[in-house]
Amino acid sequence: MILMNIMTVVMFVFFIYCLVQFFQAEEVKELIKWAGGSIIFLLGVSMLKIFAWLQMDKNAVLREIKRLEIQISSISAKISD
């Protein structure tokens, strides 16, 4: 997760750099190049964020499953006594 957060920050910095260069470009070819770079890096940031959210959701589900396992074992211990 730490590496993903670092990569997200790096991609966001590159996105900002491409955006600044886009607004400073004067030729159409440069505009297209910087716009393409901006789109690619913004998509990369979005994909990494979605993956991080899915990982957090997976951890929450695992935590709830463990909680249910503990409750089931507690109930079964009470029933068998």
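I began with burial: in helix 1, the buried residues are Met4, Thr8, Phe15, Cys18 and Gln21. Buried is under 20% relative accessible area, exposed is over 50%, and partly exposed lies in between (1.4 Å probe, protein chains only). Helices are DSSP runs of H or I, at least four residues, numbered from the N terminus.

The model is predicted, so I kept in mind that local features need pLDDT of at least 70 and side-chain atom pairs pLDDT 80 or more, while totals for chains, interfaces and linings use all residues. Residues are numbered from 1 along each chain as its sequence is written, and side-chain values use heavy atoms, without hydrogens and water.

What do the buried residues of helix 1 pack against? I found helix 2 (28–80) there; contact means heavy atoms within 4.5 Å.

Next I checked the length of helix 1. Its 23 residues should span 33 Å at 1.5 Å a residue, and the end C-alpha atoms are 33 Å apart, which agrees. The expected span is 1.5 Å times one less than the number of residues.

Then the rings: I noted 4 aromatic pairs in the structure. Rings of Phe, Tyr and Trp (its six-membered ring) pair if their centres lie within 6.5 Å; planes under 30 degrees apart are stacked, over 60 edge-to-face, the rest tilted.

Phe12 and Phe15 make a tilted pair, 6.1 Å centre to centre with 40° between the planes. They sit 3 residues apart in helix 1 (residues 2–24), so about one helical turn separates them. Phe12 is partly exposed at 44%, whereas Phe15 is buried at 13%.

Phe22 and Phe23 pair edge-to-face, at 5.3 Å and 75°. I have Phe22 as partly exposed at 25% and Phe23 as exposed at 63%.

Notes:
Helices (H or I, at least four residues) and strands (E, at least two) are DSSP runs, numbered from the N terminus.
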